[in-house]
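Please read them with the structure open.

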Amino acid sequence: MGIILLSPVLLMLYLQVEMIRKLSTTAIVLVCLFSLANLMIVLSRFYGKKVHSKRKKVEEYLYPSDSHFDMLTKKRFYKTLAAKNSSLNVLVEKQDCPDEEFYEACKSAVHWLRVNTRDSKLVTEENINYGFYRNMLGVKPFGIGISVFLLTVHLLQFWIGFCGNVGNVTPEYLISLVIALLYLALWLFLVNRKIVDFAAENYAEALINSIDTLK
């Protein structure tokens with residue numbers, strides 16, 4: 001995550017600053033960026049949790065009113081969960097007239113499932129995918145800000161460094177500019193709530209379906 005945020009900066013420096021291309025200088029810059037990347041990973045998780053949560057989606061898939069799974073399948077899920085954890089018997093007892101106790105049991109069931117499906121490859125994979133997209137959404141403002149800053153630098157470089165003359169522009173500058181534009185497009189159009197919702201639904205479905213594989 002941190003690498004995605006900081007890579008356009010590194011690419012611009014590498015393309016346009018001759019000294020950065022030297023091996024020793026590149027190594028120093030990479031170490032500094034790696035340190036910043038670790039910080040950005042922590043920040044991405046922090047802000048990611050603020051903008052989206054998958055837990056509610058998983059709980060909703062257990063609600064009798066939700067249509068993602070048919071009622072016959074959900075009744076099987078309730079029985080399996082109750083057999084594995086007696087505190088979840090309320091899922092069977094109140095499935096026809098769910099009340100606050102039933103919905104609290106759904107929350108408890110999700111927590112229990114998350115703890116007991118850590119060895120599931122599919123659940124782990126979908127959880128990683130969801131975490132990646134959620135964290136991207138969390139740091140989207142930072143990504144847009146960095147891209148806008150780089151485009152501003154390119155604009156100033158064009159007017160000051162190249163005297164506003166297209167004929168003076170170097171191939172390295174053009175490549176760097178295109179990269180900055182592509183990163184801005186990525187943050188504006190590819191990182192959005194829809195893709196995070198999609199990842200959350202995939203995770204929720206994988207987690208709920210894992211009930212049938214519980215040992």
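1. Helix crossing. Helix H3 passes H10 in a right-handed crossing; a crossing is right-handed if the near helix is turned clockwise from the far one by less than a right angle, and left-handed if anticlockwise. The two elements, H3 at residues 55-62 and H10 at residues 193-209, pack with their axes 9 Å apart and at an angle of about 50 degrees. That angle makes H3 oblique to H10, since angles under 35 degrees count as roughly parallel, over 145 as roughly antiparallel, 65 to 115 as roughly perpendicular and the rest as oblique. Axes here are lines fitted to C-alpha atoms, for helices over the stretch in contact, and angles run from 0 to 180 degrees between N-to-C directions.

2. Basis of the values. This is a predicted model, in which local features need pLDDT of at least 70 and side-chain atom pairs count only at pLDDT 80 or more, while totals for chains, interfaces and linings use all residues. Residues are numbered from 1 along each chain as its sequence is written, and side-chain values use heavy atoms, with hydrogens and water left out.

3. Overall make-up. The protein has ten helices and zero strands; helices (H or I, at least four residues) and strands (E, at least two) are DSSP runs, numbered from the N terminus. Of its 215 residues, 38% are buried (buried means under 20% relative accessible area, exposed over 50%, partly exposed in between, with a 1.4 Å probe and protein chains only).

4. The structure holds six salt bridges, each defined as a side-chain nitrogen of Lys or Arg within 4 Å of a carboxyl oxygen of Asp or Glu. One of them joins Glu 59 to Arg 55, with the closest N and O atoms 3.2 Å apart. Because these residues are four apart in helix H3, about one helical turn separates them. Glu 59 is buried at 3% relative accessibility, whereas Arg 55 is partly exposed at 27%.

5. Salt bridge across the chain. Arg 76 forms a salt bridge with Asp 212, and their closest N and O atoms are 2.9 Å apart. This pair links distant parts of the chain, as Arg 76 lies in helix H4 (residues 71-84) and Asp 212 in the segment after H10, 136 residues apart. Arg 76 is partly exposed, with a relative accessible area of 38%, and Asp 212 is partly exposed too, at 40%.

6. Salt-bridge network. Lys 94, Asp 99 and Glu 101 are linked in a network of salt bridges. Between Lys 94 and Glu 101, the closest N and O atoms are 2.6 Å apart. Lys 94 is partly exposed at 21%; Glu 101 is partly exposed at 45%.

7. Met 40 sits in helix H2 (residues 23-51) and is buried, with a relative accessible area of 12%. Leu 181 belongs to helix H9 (residues 171-190) and is partly exposed at 43%. Its C-alpha atom is 8.8 Å from that of Val 148, 33 residues apart along the chain.

8. Nonpolar patch. Leu 155, Leu 156, Trp 159 and Ile 160 make a nonpolar surface patch of about 480 Å². Leu 156 is in helix H8 (residues 140-161) and is partly exposed, with a relative accessible area of 49%. Patches are made of residues with over 30% relative accessible area and no salt bridge: like charges are joined within 9 Å, nonpolar side chains (Val, Leu, Ile, Met, Phe, Trp, Tyr) within 5 Å. Accessible areas come from the Shrake-Rupley method with a 1.4 Å probe, and for residues only the protein chains shown count as cover.
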